[in-house]
Amino acid sequence: RAGDGSAGMGRFSLEPLSLPGLALATALLLLALCLRARRTRRPGEPPLIKGWLPYLGMALKFQKDPLNYIKTLQKQHGDIFTVLLGGKYITFILDPFQYPLVLKNHKQLSFREFTNKLLMKAFSIKKLSENDEMNDELHLCYQLLQGKSLDTLLENLMQNLKQVFEGRLLKTTSWDTAQLFTFCSSIIFEITFTTIHGNILAGNRKKLISELRDDFLKFDDKFPYLVSDIPIELLGNTKSLQKKLIKCLTSENLAKLQGWPEVFQMRQDILEKYYVREDFEIGAHHLGFLWASVANTIPTMFWAMYYLLQHPEAMSAVRDEIDRLLQSTGQKKGSGFSIHLTREQLDSLICLESTILEALRLCSFSTTIRFVQEDLTLNSEIKDSCVRKGDLVAIFPPVLHVDPEVFEAPEEFRYDRFIEDGKKKTTFYKRGKKLKCYLMPFGYGASKCPGRFLAVIEIKQLLIVLLTYFDLEIVDNKPIELNYNRIMFGIQHPDSDVLFRYKVKS
Ligand code: HEM
């Protein structure tokens with residue numbers, strides 16, 4: 001038996017509280033929650049909306065129909081207001097001309113403080129909060145997702161796509177039916193994993209990939225709960241899934257992959273500088289990066305495909321554009337997988353790009369969140385607003401994405417919305433002034449997604465392959481909506497999967 005101290009601890013944690021003890025603990029908890037909810041608006045602060053539910057505040061209303069709820073608050077209170085949501089006071093900034101307030105005050109509005117907590121909860125990455133130097137170095141790796149390094153990643157992507165599709169192209173020309181979201185998840189996971197980590201050489205490649213993918217997708221399903229305040233221990237098998245995935249991504253296991261890309265090599269070198277090579281937490285970092293690279297790419301691919309399948313005029317315009325490019329580059333649609341396109345050629349596909357951007361406009365709820373490190377006044381031409389230490393500030397672009405002043409008939413899917421006079425359209429206006437930011441699925445400022453170029457290239461390549469080699473049709477035409485489970489975290493999933501069918505073109 002351990003000494004007195006640990007025996008005491010054991011008694012405390014293992015024995016259930018007596019009834020009076022439990023009542024006292026509950027009363028104290030409620031008191032603490034009520035005190036937090038009793039907050040009143042101070043002079044200079046934005047309007048405060050906290051409802052009557054302690055802790056939860058307006059979370060239930062927000063969760064039910066986030067966009068309309070925030071738009072209603074905007075009508076009542078203007079473009080800046082503070083809402084209590086699940087124990088957090090969040091000051092929303094809705095006017096796009098006020099977004100730069102977050103950049104101007106970047107010293108007091110911390111990105112890392114917020115993200116490090118999230119990385120700890122979701123992936124068990126602990127060291128980042130105490131080691132700014134490692135954090136800085138890891139951020140430097142993101143350069144390797146652009147420029148020349150991106151060209152190499154693009155080549156790898158095409159090779160990996162070829163590996164996925166070559167077998168399927170040999171199949172006879174009969175229809176195969178599949179669930180669209182599941183189909184997109186499967187392919188995006190495989191090509192992204194192998195492009196970012198290198199290829200699996202083992203004979204049982206397919207089995208290894210599908211096991212990893214299935215575990216990853218189950219883990220990702222739990223993500224919205226993982227980043228809430230619910231302890232991971234209460235989330236069923238989530239902790240064991242997380243552990244299993246981290247174990248798959250340890251230095252020892254990843255050493256078996258062939259042809260590490262530069263970005264992965266550099267990340268691993270940095271991690272080995274700050275941890276011993278065998279440290280489990282190295283795998284946790286890789287899980288975080290893997291999540292960032294696929295979790296939003298999957299639903300984006302889904303929505304782009306879904307809208308194309310639902311809009312024949314979009315499908316035929318995009319198909320024509322791809323055909324013209326393949327013709328002009330001498331790549332006829334012969335048998336076998338023979339497409340090879342450079343970054344410039346992919347970039348010239350403006351109709352395809354506009355389709356992807358339009359899908360992102362309609363389905364992205366990416367929110368830029370910052371932690372307020374000290375009491376602060378956000379000075380603006382319109383109105384100064386004081387924000388409190390410990391609160392969060394959020395730029396919430398979904399409201400901008402459906403602003404009829406910026407996007408005509410915003411509820412409609414228009415595949416050519418981002419095209420003007422045969423070129424990419426980049427000028428959008430509000431109150432007669434040109435907007436610097438009009439589409440923000442990839443975040444803003446210091447935390448803007450470094451993988452955005454790769455993501456768009458990947459989705460373009462996959463759509464080119466699917467549209468070139470396959471006939472595609474939607475099977476069930478039931479209406480689908482966004483599932484707001486991941487509100488504030490990127491691209492929303494659909495509320496149900498949809499059946500579609502595909503066959504190799506004859
Ligand atoms: C359509 C697909 C994607 C979308 C919509 C997306 C969106 C985002 C957003 C909104 C953020 C910022 C989060 C914040 O402000 O806290 C972010 C961060 C990040 N994304 Fe993406 N992303 C996508 C694909 C990718 C890909 C393919 C990669 C990697 C290859 C990637 C790597 C990252 C990383 C590493 C970060 C963290 C950046 C940091 O710590 O500063 N993303 N992404």
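Biologist: What are the ground rules for the numbering and for the predicted model?

Modeller: Residues are numbered from 1 along each chain as its sequence is written, and because this is a predicted model, local features need pLDDT of at least 70 and side-chain atom pairs count only at pLDDT 80 or more, while totals for chains, interfaces and linings use all residues. Side-chain values use heavy atoms, with hydrogens and water left out.

Biologist: Why is the pair of Trp303 and Tyr306 called edge-to-face?

Modeller: Rings of Phe, Tyr and Trp (its six-membered ring) pair if their centres lie within 6.5 Å, and planes under 30 degrees apart count as stacked, over 60 as edge-to-face and the rest as tilted. The ring centres of Trp303 and Tyr306 are 5.8 Å apart and their planes stand at 85 degrees, so the pair is edge-to-face. By this rule the count comes to 32 aromatic pairs.

Biologist: What separates Trp303 and Tyr306 along their helix?

Modeller: Trp303 and Tyr306 are 3 residues apart in helix H16 (residues 297-310), and are therefore separated by about one helical turn. Helices (H or I, at least four residues) and strands (E, at least two) are DSSP runs, numbered from the N terminus.

Biologist: How do you know whether Trp303 is buried or exposed?

Modeller: Buried means under 20% relative accessible area, exposed over 50%, and partly exposed in between, with a 1.4 Å probe and protein chains only. Trp303 has 2% relative accessibility and so counts as buried, and Tyr306, with a relative accessible area of 7%, is buried as well.

Biologist: What makes Phe470 and Tyr502 an edge-to-face pair, and which parts does the pair tie together?

Modeller: The rings of Phe470 and Tyr502 lie 5.8 Å centre to centre with 75 degrees between the planes, and the aromatic pair is edge-to-face. Phe470 lies in strand E14 (residues 470-474) and Tyr502 in strand E17 (residues 499-504), so the pair ties together parts that are 32 residues apart in sequence. Phe470 is buried at 2% relative accessibility, and Tyr502 is buried at 11%. Elsewhere, ring pairs link Phe62, Phe81, Phe92, Phe365, Phe396 and Tyr484 into a cluster.

Biologist: What makes Arg267 a charge that lies over the face of Phe289?

Modeller: A charge sits over a ring if NZ of Lys or CZ of Arg is within 6 Å of the ring centre and within 35 degrees of the ring normal. Arg267 lies over the face of Phe289 at 4.3 Å from the ring centre, and the charged end of Arg361 sits over the ring of Phe407, 5.2 Å from its centre.

Biologist: How do you know what counts as a cavity, and how many does the search find?

Modeller: On a 1 Å grid over the protein atoms alone, a cavity is a set of points where a 1.4 Å probe fits but cannot get out, and a pocket is an open set with protein on both sides within 12 Å along at least five of seven lines; lining residues have an atom within 4 Å of a point. A search of the whole structure finds 2 cavities of 30 Å³ or more. About 40 Å³ of space lies in the largest cavity, whose lining includes Phe223, Trp291, Arg486 and His493, while about 30 Å³ lies in the second largest cavity, with Arg39, Arg41 and Glu45 among its lining residues.

Biologist: Which residues lie nearest the centre of the second largest pocket, and which element gives the most to its lining?

Modeller: That pocket has a volume of about 1,000 Å³ and is lined by 33 residues, of which Leu85, Gly86, Lys88, Val227 and Ser228 lie nearest its centre. H6 gives the most to the lining of the second largest pocket, with 5 residues.

Biologist: Why is Asp421 called exposed, and what is its phi?

Modeller: Asp421 has 75% relative accessibility and therefore counts as exposed, and its phi is positive, about 50 degrees, although Asp421 is not a glycine. Ser124, also a residue other than glycine, has a positive phi near 65 degrees, yet at 19% relative accessibility Ser124 counts as buried.

Biologist: Why does Gln179 count as partly exposed?

Modeller: The relative accessibility of Gln179 is 34%, so the residue counts as partly exposed. Gln179 is found in strand E5 (residues 176-179), and its C-alpha atom is separated by 5.4 Å from that of Val498, 319 residues apart along the chain.

Notes. Grid points are joined across faces, edges and corners, and a volume is the space filled by probe spheres set on the points.
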